[in-house]
Amino acid sequence: MNKPLISVVTVWLTITIILFSMPVVQSQEFDFELLEQKVQSFAVIINMKLEVSFGIHTAEQSERYLGTIVNRDGMVIFNGTSLTSNAGLPAFSGFTVKTNPTYIEVSTLDGKTYEAEYIGVERFTGIGFIQIKGGSDQFTPVEFKGDQEFRTGDWLSLFMLLPEFINPPLAADVGMISTLIESPEHFPLTVGFNSLQTTAVLFNGDLQPVGVLGALMDPSMANTDPSGLLESFGQFGIPLLGVITAERLQRMIADPPRQGVVDRGWLGISLQALTRDMVEYWGLDLSGGIIVNEIMSESPAEKAGLAVGDIISQINGQQIEVDKEEKLPVFQRLMAELGPGAAVELTVIRRSETRIDTLSLLATLEAAPMAAADADEYECKSLEFNVRNMVFADYMANNLEAETFNGVVVSKLKMGGPANVGGLRIGDIIQRIGDSEISSVEEAELIMTEIETAQPAEVIFFIWRQNQTLFVNVKTNW
Amino acid sequence: MILFRNLFLVLWIVINVSTVTGASLQEQILDARDRVLPALVHIQPVIKNYSTGQLEKQAVIGSGVIFHPDGYVVTNYHVAGKAERIICTLSDKEQVQATYIGGDPLTDLAVIQLDLSDYDDTLVVAEFGDSDSIEVGQFVLAMGSPLSLSRSVSAGVISTRDRFFNDNVRLPTGERTGRYNLWIQTDAAINPGNSGGPLVDLSGRVIGINSRATIFANNLGFAIPVNIVREVTTAILEKGEVVRSWIGIHCQALQELEEFFKTDRDIGVLVSSIDPGSPAETSFLKAGDVILEIDSVPVSARFLEELPAFYNRIAKHKPGSELAVKVLRGDETYSFKITTKQLGDIQGEDFEAEGWGFTVKDITRQMQIENNLKDSLGVLVKGVKPGSIAAIGSLRPSDVIIKVNQTNIIGFTDFVTVYNDLKDTAEKKILLTVNRSGGTRYVLLKFNQVVEEQKDE
């Protein structure tokens, strides 16, 4: 070894050591020993087997997460971002990514192991929920402290999960509140944490759990959803991390999102932000609002008497300050969180060439339309394909009339199976099997069962594909 | 009859003797070369491209062949169809200008005319052969300008005479093609630049116009059969365009489906899909009907390769006249009439709203169907120039502009008029009302914004 190299390495090591030790040196005095003891009762390690189906492919994968027990019966939260239905992918052409946990095992830090079942993922935060099987009143959960007043400069700490071959499994980290974001949502932003630590419990300087690490809503995907529903809030780019507060968590824990159950409120419009330029152009006296671009048939918006071109300026007397497209999710989330059945009072500005009227309309929100990945499915084992019921997004994306157009969507095909060889494709909408009209998976199952009994040499499907209809002959192989 | 047979026999012997005593393969190739190569044209059009949100001019390369003593040259639509000006180099290396006469994207053919006012030599005209009598395995020559290398000849055989591609195939210029023709497949090397050049048999007759090749494959080239070329060029020279009838149906091969539809081999054409708003939709016809007769003539398409001829049968009907149709539906047959419409343009006219940073297109009926639009009102946004005020205002390709400020845009000319009225005014803001995937959106064009940004730079 020559001397210059040694000195370079020494300098580099010194810098690295300084850099790595800096936060610890600078941070408030966390008693990590005490904190670790606190964490022992509610931190768990989740081992999960997942089945991921992506069109014609299905893959099994294993995931390992840090979980937190949140009630005495053994409900556990974890980073469920990868489990969101259609994560990041809009429902274009019936293409769905479906992630199903097939087996979940929860280990406490003292080495006890439990089987658990999947509950669901909260779509705005990506927080996943599972339930330890048979768990009742036996766990010591985390007790989130509400009413925490965050200030810029406050230090927070968390534990993160280390790779499986490392013991002990947890390591501490610290970060700092870097600013208190006010718009598009109230959000204490942090610095010092990374996105792999998402959903880890955050502790304040008094070692009290004050929330979990999460990301600021990212509206970058907001416009790509063909349904105009902004169903997904993809986490693209670099997420802005911060605190999902105790209050929000407690609401979720009290009523966790359940897979396949839609509990989001829906008004039934597609929308656009009222920008300052448009305010000027139309001569309005507003600082923001929602322009109604389209009204879904039979939706709460239609029933309330909203019209295309209306501007929603207030909800329940509260001003809507949406003046940029990026802020649309604020309104979206407001509707979602109000929930189905909520009565809302909309203050609406209606323009005509000669006058501007302010109306007050009452709407009762309904449950948001189901996502494709949550729709009922039927697996035809003999011809090796799956179909699912049509959902709102199918009609929207393909410009189809819900009243007159019926069918079921091919959601899965086994490669080399009879349906695949016969020419069915993912996203095809099956309208008839043989001579029978099909409008639901139940009807498809009924007809396929009859066919499986009769065992004909071929089955003719009448399908809709890319604005055209087509007959597909599937040769059977009984 | 006997006389006729004898004559035929004599002819047959003469032909055979001539081939036996005649030329070797090499000599035949040289002979065929001499008949067509002098008529080969190297074409350099400057084409107009609107897809990026502004009018962009692009120099492209193609080939063509002189087929008429008045200097008419046939080439591909995707070579000359969008040409603003065309420079041609003849086989004697002399350059002349040419003008665009007409084209047909559906068969990817176009006719241009050479300006021969300054050309002194005699023009050689290539002769069209008969693409129905070609054989698989027959020797052919491809001539053209592969990768711009003009006056190139390659040789091969006919690999297939009736290659079918479904009509989702698109030209480089964006139009769907191939509904009305099959392709001759050849292994004579065809590369980019060969487009529009002739495929020639050993008697020196043009049997096809080379149009496409498969990239990354070895020697998979495709030519439009000359019998289609003859029809299309004749129509273009007579009327400036190919006029077709349209009823709005899509058909599929009956093979494998005959039992289900209770029909026999080689009987009937299966209607698989009907376009919304088409004559067929308003008629008695339904998807799943098997058309047995058109104008009392039996029709059939057991195989995909038979579909273009069937579509052509409908296309050749006089637009606006009644088509007598007999169909099989279940166990019953029904006879009824469908009044055809003219197919019309596939793509609409283009226009660049230069000061606003985007391009638009007239919406033709076929575009309305293809883009799944409820009507043909408004103009379709073709491209949005990055960084322009339209891009900043979030205008997107495929938006349909239905209103500019308070003026409704019914069609293309409305938009052009409004644009010309507004482009030089001092308006600081212009509001476009657009249809985007079923909903209405407002796009505000704010003018000083761009000026300010330019100042910043």
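This is a predicted model: local features need pLDDT of at least 70, side-chain atom pairs count only at pLDDT 80 or more; totals for chains, interfaces and linings use all residues.
**Entry 1**

Asp266(B) lies in the loop between β16 and β17 of chain B. I noted its phi, which is positive at about 55° although Asp266(B) is not a glycine.

I then turned to Glu256(B), which is also placed in the loop between β16 and β17 of chain B. Its phi is positive, about 80°, and Glu256(B) is not a glycine. I counted 16 other C-beta atoms within 10 Å, so Glu256(B) is partly exposed. I wrote these angles down because most residues other than glycine have a negative phi.

**Entry 2: a peptide bond in chain A**

I found a cis peptide bond between Asn167(A) and Pro168(A), with omega at about 0°. Most peptide bonds are trans. Pro168(A) sits in the loop that runs between β7 (155–161) and β8 (170–181) of chain A.

**Entry 3: Ala324(B)**

I located Ala324(B) in strand β20 of chain B, which covers residues 322–329. Leaving out residues up to four places away in sequence, I listed its contacts as Asp295(B), Ser296(B), Ser335(B) and Lys337(B). I also checked Thr339(B), which is 15 residues from Ala324(B) in sequence and 8.8 Å from it in space, C-alpha to C-alpha.

**Entry 4: domains of chain B**

I noted the domain assignment of chain B: domain 1 (23–35 + 126–239), domain 2 (36–114), domain 3 (245–342) and domain 4 (350–456). The centres of domain 2 and domain 4 of chain B, taken over C-alpha atoms, are 31 Å apart. I found six residues of domain 2 of chain B in contact with eleven residues of domain 4 of chain B. On the domain 2 side of this contact, I recorded two nonpolar residues, four polar and no charged.

**Entry 5: where the chains meet**

How many residues does the contact take from chain B and from chain A? I recorded 22 residues from chain B and 22 residues from chain A. On the chain B side, the elements giving two or more residues are β16 (249–252), β17 (269–274), β28 (429–436) and β29 (439–446). β29(B) provides the largest share of that side, six residues. I sorted the chain B side into seven nonpolar, eleven polar and four charged residues.

Terms used:
Residues are numbered from 1 along each chain as its sequence is written. Chains are lettered from A and ligands numbered from 1 in the order in which they are written. Helices (H or I, at least four residues) and strands (E, at least two) are DSSP runs, numbered from the N terminus. Two residues are in contact if their C-beta atoms, placed from the backbone, lie within 7 Å. Domain bounds come from an automatic or database domain assignment. Ala, Val, Leu, Ile, Met, Phe, Trp, Tyr, Cys and Pro count as nonpolar, Asp, Glu, Lys and Arg as charged, and the others, Gly among them, as polar. A residue is buried if 20 or more other C-beta atoms lie within 10 Å of its own, exposed if 12 or fewer, and partly exposed in between; C-beta atoms are placed from the backbone.
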